[in-house]
Amino acid sequence: IPPCEEGQTIFEWVPDWTDKARPWKKWEPDEWKAPKVLNFSALLIPTMDSVRAEYILDIIAKHDVTRTPPAFKSCMLVGAPGTAKTSTALMYISKFSQDAMLSKRLNLSSATQPLGFQKSIEGEIERKTGKTFCPPGGKKMTVFIDDAAMPLVNKWGDQITNELARQLIEMSGFYFLDKDKRGDFKSIEGLQYIGAMGHPGGGKNDIPNRYKSKFMCFNMVLPSTVSVDNIFGSIMKSKFSSKAGAKPDVIDLSKKLTAATVDVWDRVKGKLLPTPLRFHYIFNMRDLSRVFQGIMECPVNVANTPSILVGLWKHECQRVFADKLCRDVDKNLVEKTLAEFMPQHFGEQLATDNKNTDWYADFLRDIEFDDETGEEKGAPKIYEPAEWETVKGKAYYYLGKYNE
């Protein structure tokens, strides 16, 4: 049995296949290096959960396609919103060598029709011989079908888009739609598939059972506290670094933001549960990431003291957690939760300094003009503290300009 510490399970451990003695080693992601330009929505940070899921994807992808027993080299990631299904698949795809394996991402929606699906696949393949097609250059291609359960269910209970996808996986092709060849079968070689879908139920569709049988399905769980700390801790470390111009006391405080945010998120998620009237009271990983996205918007030279950074953090927590609540009693709960956790994580002094929340906005700067041509360059968007009267004045100014 693996040497589990308190709070660990055997699933955090794996035999080391490179050593003949097969000792246990922990699943550990590669160290993440921050890109030069931090685009928050495009960041993909490996975690223990994503590494384990990628390992399963890789094992299934290396299987041969066989008819008996039926195996189609396909995986379906199933999970609640915010469990990094798409991020995990994209991280796995990003490691492909472009010389041997191409990739294509298909985002399905309720508007995706079979014709659109077929055209998307046909746009990525070329003729090999006769009625046989393959990806360009004779390479292989992994097709990532995101939101696989989204296509519309018609009045007979069928998802016709997914039935075409099932035919493509099962029969390695579909039928020509061109007038001169209509009814002839178009064989497509060299494709393998990864799917992602949410849990069915609660207004969300399931996928047809025959389609489901073509995939090896496994569930994605919410990231553990270690994974969450790894994700957002890495982002904060790259944002508030001495290289970026942050002061030592700000760098030290930035390391405490992740634990504080998780505590607030856990308390709010546990207390404010969804009801038939308040069905939007759902707090998942996306809400957690929006808090840090707001902190990332603020330049380091603006959040240059611990007090300003705590004020910014409090403002983002209120915008993300409290603004979607529809009752004052619920908003007060968020306020009390913040007041409880701020002294615990940041100390009494910083909590007292930020008893009142500062407003932040990115539209306060005046319009700039080019020195040489005199042309309007627009106002720089800098996320910074704002007074209510200033925000109000600017909003009316832009409204008047829009109405002219």
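**A quick tour of the predicted model**

Ile1, Ile10 and Phe11 together make a nonpolar surface patch of about 410 Å². Keep in mind that this is a predicted model.

Stay with Phe11 for a moment. Phe11 sits in the segment before strand S1, which covers 13–15. Is Phe11 buried or exposed? Phe11 counts as exposed, because its relative accessibility is 58% and the cut-off for exposed is over 50%.

Next stop, strand S9. S9 runs over residues 185–188. Which residues of S9 are on the covered face? Those are Lys186 and Ile188. The uncovered face has Phe185 and Ser187.

Now the partners of S9. Strand S6, residues 132–134, pairs with S9 in the parallel sense, over two bridges. Look at Thr132: opposite this residue, in S9, stands Ser187. Strand S8, residues 173–175, also pairs with S9, but in the antiparallel sense and over three bridges. There, Tyr175 stands opposite Phe185 of S9. Recall that Ser187 and Phe185 both belong to the uncovered face of S9.

Let's go inside. How many cavities of 30 Å³ or more does the structure hold? One. The largest cavity has about 50 Å³ of space. Its lining is made by Leu57, Ala61, Lys73, Ser74, Cys75, Tyr92, Thr142, Gln192, Tyr193 and Ile194. Two elements give two or more residues to that lining: helix H1 (48–61) and strand S10 (191–197). Which of the elements gives the largest share? That is S10, with three residues.

Last topic: backbone angles. Two residues are worth a look.

Take Arg22. Arg22 is not a glycine, yet its phi is positive, at about 50°. You will find Arg22 in the loop between S1 and strand S2, which covers 24–26. Arg22 has a relative accessible area of 39%, so it is partly exposed.

Then Asp147. Its phi is near 55°, again a positive value in a residue other than glycine. Asp147 lies in the loop that links strand S7 (140–146) and helix H4 (160–171). With a relative accessible area of 33%, Asp147 is partly exposed.

Conventions
Residues are numbered from 1 along each chain as its sequence is written. This is a predicted model: local features need pLDDT of at least 70, side-chain atom pairs count only at pLDDT 80 or more; totals for chains, interfaces and linings use all residues. Side-chain values use heavy atoms; hydrogens and water are left out. Patches are made of residues with over 30% relative accessible area and no salt bridge: like charges are joined within 9 Å, nonpolar side chains (Val, Leu, Ile, Met, Phe, Trp, Tyr) within 5 Å. Accessible areas come from the Shrake-Rupley method with a 1.4 Å probe; for residues, only the protein chains shown count as cover. A salt bridge is a side-chain nitrogen of Lys or Arg within 4 Å of a carboxyl oxygen of Asp or Glu. Helices (H or I, at least four residues) and strands (E, at least two) are DSSP runs, numbered from the N terminus. Buried means under 20% relative accessible area, exposed over 50%, partly exposed in between (1.4 Å probe, protein chains only). Two strands pair if DSSP finds at least two bridges between them. On a 1 Å grid over the protein atoms alone, a cavity is a set of points where a 1.4 Å probe fits but cannot get out, and a pocket is an open set with protein on both sides within 12 Å along at least five of seven lines; lining residues have an atom within 4 Å of a point. Grid points are joined across faces, edges and corners, and a volume is the space filled by probe spheres set on the points.
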